[in-house]
Amino acid sequence: MEDMIQYDFCKPYLMLDEYILWKGKPEKGHLITGNDVIVSLFGIVWLFFCLNFIRAIFMQPTLFLIIWMIPFVCVGFYMAFGKIIQKIYLRNKTFYVITNKKLMIKKGRKIQIYNGNDLPPMEIKIHNNGLGTIIFSEFVYTGRRRYHRYIMLENLIDVVQVQNAIEVMKGSKS
């Protein structure tokens with residue numbers, strides 16, 4: 001019963017001729033990516049230098065320098081540990097719904113809705129533990145800038161079933 005309540009977020013966004021093809025959530029495991037390791041290591045180095053600077057400040061303490069260093073220490077803690085803690089927190093509050101017209105992702109209190117016909121090409125990664133991640137990625141150009149946009153359905157136990165639901169969604173006419 002509680003599991004069904006978690007997916008009620010999608011009901012207000014369903015149109016009359018729309019129905020759910022698949023719903024699920026990420027499984028445990030495969031939490032930390034290579035990018036997370038690099039950011040965490042950089043955060044630890046950042047934090048080390050900030051804390052050494054603070055230690056040097058306490059030789060000749062001034063209130064201005066101590067207050068000046070607080071944001072730098074906070075950024076270091078976030079880079080080193082906060083991003084991973086945030087991922088752990090959001091993993092338990094993430095739910096996916098695929099309908100015949102759109103993809104909906106709820107992470108915490110944030111809901112993302114993507115039209116099935118507008119999704120970029122799909123890439124599937126199978127992890128060592130047997131779980132899979134589906135990634136939609138594309139480069140978006142805005143004036144002079146280019147950035148990489150991606151949408152991920154992470155740690156899926158039934159990745160083939162999800163892939164089939166996405167193919168049905170993309171094949172449906174809106």
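At what relative accessibility does aspartate 36 stand, and does it count as buried or exposed?

Author: Aspartate 36 counts as buried, at 9% relative accessibility. Here buried means under 20% relative accessible area, exposed over 50%, and partly exposed in between, with a 1.4 Å probe and protein chains only. The model is a predicted one, in which local features need pLDDT of at least 70 and side-chain atom pairs count only at pLDDT 80 or more, while totals for chains, interfaces and linings use all residues. Residues are numbered from 1 along each chain as its sequence is written, and side-chain values use heavy atoms, with hydrogens and water left out.

The side chain of aspartate 36 meets that of lysine 87 in a salt bridge, 2.5 Å from N to O (a side-chain nitrogen of Lys or Arg within 4 Å of a carboxyl oxygen of Asp or Glu). This pair links distant parts of the chain, with aspartate 36 in helix H2 (residues 34-57) and lysine 87 in helix H3 (residues 63-91), 51 residues apart. Helices (H or I, at least four residues) and strands (E, at least two) are DSSP runs, numbered from the N terminus. Lysine 87 counts as partly exposed, at 24% relative accessibility.

Searching the whole structure gives five salt bridges. Another of them joins aspartate 17 to lysine 101, with the closest N and O atoms 2.8 Å apart. Aspartate 17 lies in the loop between helix H1 (2-6) and strand S1 (20-24), and lysine 101 in the loop between strand S2 (94-99) and strand S3 (102-107), so this pair ties together parts that are 84 residues apart in sequence. Aspartate 17 is partly exposed, with a relative accessible area of 47%, whereas lysine 101 is buried at 9% relative accessibility.

Arginine 149 and glutamate 138 also form a salt bridge, their closest N and O atoms being 2.6 Å apart. Arginine 149 belongs to strand S7 (residues 145-156) and glutamate 138 to strand S6 (residues 132-142), eleven residues apart. Arginine 149 is partly exposed at 29% relative accessibility, and glutamate 138 is partly exposed with a relative accessible area of 27%.
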